[in-house]
Amino acid sequence: MTTQSKVLSDPAVFEAEQALVAPPEGVADIRLGLFSFAHLHASSYAHYVSQMPGVALAGVYDDDLERGRRAADTYDIPYFEQAERLLAEELDGAVICSENAAHAPLALQAAGHVRSILCEKPIATTVSDGQAMIDRCRETGTQLQIAFPMRFSPPVMELKRKLDTGILGEMYSVKCTNHGSMPGGWFADPKLAGGGAVIDHTVHVIDLLRWLWNTEVEEVYAEVGHELLHPGLGIDDVGLLSFRLTNGVFGTLDTSWSRPPSYPTWGDVKLDILGEQGMICVDAFEQNLQVSSDKAGKTSWVHWGSSGDEGLMADFVAMIRTGREASISGEDGQRALEVALAAYESARRAEPVRLSP
Amino acid sequence: MRRVGIVGAGAISRTHADRWQRMPGVDLVGFYDIVEASARRAVEQFGGTVFSSLHALLDAVDYVDVCAPGTAHAEPVIAALEAGTPTVCEKPLANSVADCARIVDAAERSGTPLFVAMVVRFFPQFAKAKHVLDSGAIGAPGVIRTVRSGSYPHPGAGWRSGVANTGYYADFSQSGGVLLDLCVHDIDYQRWCFGEIERVFARGMMFAGKEPKDHALLTIRFANGAVGHIEGSWAYPRGRFCTRIEIAGTGGIIEWDSRAQQPLEISIETEDGILSASSSSPTAPQDDPYYAELAHFVTCTEAKTPYLVSPYDGLMAVKVSRAAIESLRTGKAVAINRA
């Protein structure tokens, strides 16, 4: 894990990798397969890799025929009804954006057929699934990268640089939110998603905190609300986590799907970090135009800031080219998942839960 | 003309005195403070009499306004109630749940009106947010988040005269730190908005040995299943004070942030080319929250109608604050006994 954080905590290394010479125009040295468009991020990831020099998209697999064909048409690539057919296409990497519960079966199938896997977060819906993925990838020499694009959000990267200078002195507390709109569909299906707002929105921020300070969550307490904001949803839509980190910092994280359809944007990722010398507040999606549209019937914030997804995909491609370790490993994904699952356990027991070191 | 006397001559006392002075039909007749010099300085600024004892003050007034520190509320408040003098008690109602219970008991026994000055309910943006919530515009309550964060209350320009003793706040065993001094506002506000509180869990710096800095993050479960989050701080950098409201419901959300764009912004380029900038959010005099709460007290007292804040509300806010401190101490969630 030390090597991983070294790669990303050093902007010079990251930038040098980005400048790697791509093959001559029209020549692709990397073939990627896209495994499912169930998660909305698939379109964004596909968009960025489709524009990267030297990267060829070999095709789309999706168990939803219509969704898969639509995606394949968008990028003008073949659609595969079966994952093994796409895996037979001599791929270098697999991008898995299925429903959470399908991450494990797809990754287990792909490991060994591809050198590298990018798996959407959370790594899985259970610790045993996540561990099976990690083990299989290790056994087959497959690089497993978890998609935590917030590490590549420029405001967040700047936060890391500032924190690394020690500017805040002793660190006291961090107040975080990862609010969202209720995504609906399979996100609200416990079997496919593994949970609601808590599993969906715990992992991004917990991963950031682990990465920012090279620390772990020691204890978590959570108030979880089921159908509090969306009557009849059948799953948790409110989550308030209160945690202590091994570095002594305490904090809270609001994971709630509390942004209604009438809200100007989908949600937020915010961290207010308080230390001895002052505070740093990051609102990662604050770079917006305000657009009022009669057609839309509301006022919206249209993001113009840089996309973390682009950095994530560039990092994934650089990993394939260099053969280095994943910058965000399966273990990173597993640690974040464990915190989300501990939050559910805490809410069931109405007491804090300690995480095993 | 109604005669008002103030018990205690510290910082909040001056804020109240200033509002009483402006209020038509009210005569601020003077101050009593256990430190007579403090009362004398207050009289120099606001006029009236320096009372030599609590009873001398009670004999000379129609209303009493208790602005002593929370540790010293019970005695004057109970004496005033027993004397039949309608009373304003600054928040927190008292620093201990036991003192609060004694006060509530005295209010019930005497039947004398007691108003707990939970001023946040009178801040126009907080009052309006509650009004919008109650209107049903955002549906049923789901999540409420509020912030009340700044630096430790160091003596300001008005305090340097020696009237106020800020050491009180730094002694957490006296003041209860941010959980009792600041978060009590938000606990009361959130309870006003979402109803009774079932349990509270807190993390904070109260016992971290960083006095006078303090910082706390609370998670609250309401009896109706909704949840709340409170940040209170005396650890922010100076000049970075901030309050926030966020209330999410089944059909919408309300937000307000004190640091958002202000209605009045002044930017002056000084001769040496440095920008001098300031901003403010002016409101009409009657909408000033301290004026509004004291005027509310007078109006309700004269009309014999209930106050917006009951003695029980004052008690419950302290109970939850104390439960939060207990949560810090034990590391566990603490259930609130509503009996």
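1. Let me begin with a detail of strand pairing: which residue is the bridge partner of T219(B) in β10(B)? The partner is H229(B). Please keep in mind throughout that this is a predicted model. The two strands behind this pair, β9(B) and β10(B), run antiparallel to each other and are joined over 7 bridges.

2. That pairing belongs to an open sheet of 7 strands in chain B, with the order β12-β11-β7-β10-β9-β8-β15 and mixed pairing. At the edges stand β12 and β15 (334–335) of chain B; each has a single partner strand, so one side of each is left without a neighbour in the sheet. Helix α12 of chain B, residues 311–330, lies across β8, β9 and β15 of chain B and runs at about 50° to β8(B).

3. Chain B also has an open sheet of 6 strands, this one with parallel pairing, in the order β3-β2-β1-β4-β5-β6. Here the edges are β3 (49–50) and β6 (114–117) of chain B, and each has a single partner strand, so one side of each lacks a neighbour in the sheet. Within the sheet, β1 (residues 2–7) and β4 (residues 63–66) of chain B pair in the parallel sense over 4 bridges. If you want a pair to look at, V7(B) has V66(B) as its bridge partner in β4(B). Helix α2 of chain B, residues 36–46, packs on this sheet and touches β2 (26–32) and β3 of chain B, with its direction at about 155° to that of β2(B).

4. Next, the domains of chain B. The assignment gives domain 1 as 2–118 and domain 2 as 120–282 + 311–335. Taken over C-alpha atoms, the centres of domain 1 of chain B and domain 2 of chain B are 25 Å apart. The contact involves 23 residues of domain 1 of chain B and 25 residues of domain 2 of chain B. On the domain 1 side of chain B, α1 (11–22), α2, α5 (97–110) and β6 each supply at least two residues, and the largest share, 6 residues, comes from α5(B). By class, that side of domain 1 of chain B has 16 nonpolar, 4 polar and 3 charged residues.

5. Chain A is likewise assigned a domain 1 (2–150 + 308–326) and a domain 2 (154–305 + 338–354). The centres of domain 1 of chain A and domain 2 of chain A, over C-alpha atoms, are separated by 25 Å. How many residues does each domain of chain A bring to the contact? Domain 1 of chain A brings 13 residues and domain 2 of chain A brings 21 residues. The side of domain 1 of chain A that touches domain 2 of chain A divides into 7 nonpolar, 4 polar and 2 charged residues.

6. On to the contact between the chains, which takes 27 residues from chain B and 30 residues from chain A. Several strands of chain B each supply at least two residues to the side that touches chain A: β7 (141–149), β8 (197–204), β9 (215–222), β10 (227–233) and β12 (252–257). Among the elements there, β9(B) gives the most, with 4 residues. The classes on this side of chain B are 12 nonpolar, 9 polar and 6 charged residues.

7. Some backbone geometry deserves a look too. Most residues other than glycine have a negative phi, and most peptide bonds are trans. The peptide bond from K121(A) to P122(A), however, is cis, with omega near -15°; P122(A) sits in the loop between β5 (116–120) and α7 (127–140) of chain A. In chain B, the bond from E211(B) to P212(B) is cis as well, with omega near 5°, and P212(B) lies in the loop between β8 and β9 of chain B.

8. Lastly, two residues with positive phi. S36(A) is not a glycine, yet its phi is about 80°; its place is the loop between β1 (30–35) and α3 (41–50) of chain A. E90(A), also not a glycine, has phi near 50° and is found in the loop between α5 (83–87) and β4 (93–96) of chain A. Are these residues buried or exposed? S36(A) counts as buried because it has 24 C-beta neighbours inside 10 Å, whereas E90(A) is exposed, with 10 other C-beta atoms within 10 Å.

Note on methods: Residues are numbered from 1 along each chain as its sequence is written. Chains are lettered from A and ligands numbered from 1 in the order in which they are written. This is a predicted model: local features need pLDDT of at least 70, side-chain atom pairs count only at pLDDT 80 or more; totals for chains, interfaces and linings use all residues. Domain bounds come from an automatic or database domain assignment. Two residues are in contact if their C-beta atoms, placed from the backbone, lie within 7 Å. Ala, Val, Leu, Ile, Met, Phe, Trp, Tyr, Cys and Pro count as nonpolar, Asp, Glu, Lys and Arg as charged, and the others, Gly among them, as polar. A residue is buried if 20 or more other C-beta atoms lie within 10 Å of its own, exposed if 12 or fewer, and partly exposed in between; C-beta atoms are placed from the backbone. Two strands pair if DSSP finds at least two bridges between them. Axes are lines fitted to C-alpha atoms, for helices over the stretch in contact, and angles run from 0 to 180 degrees between N-to-C directions.
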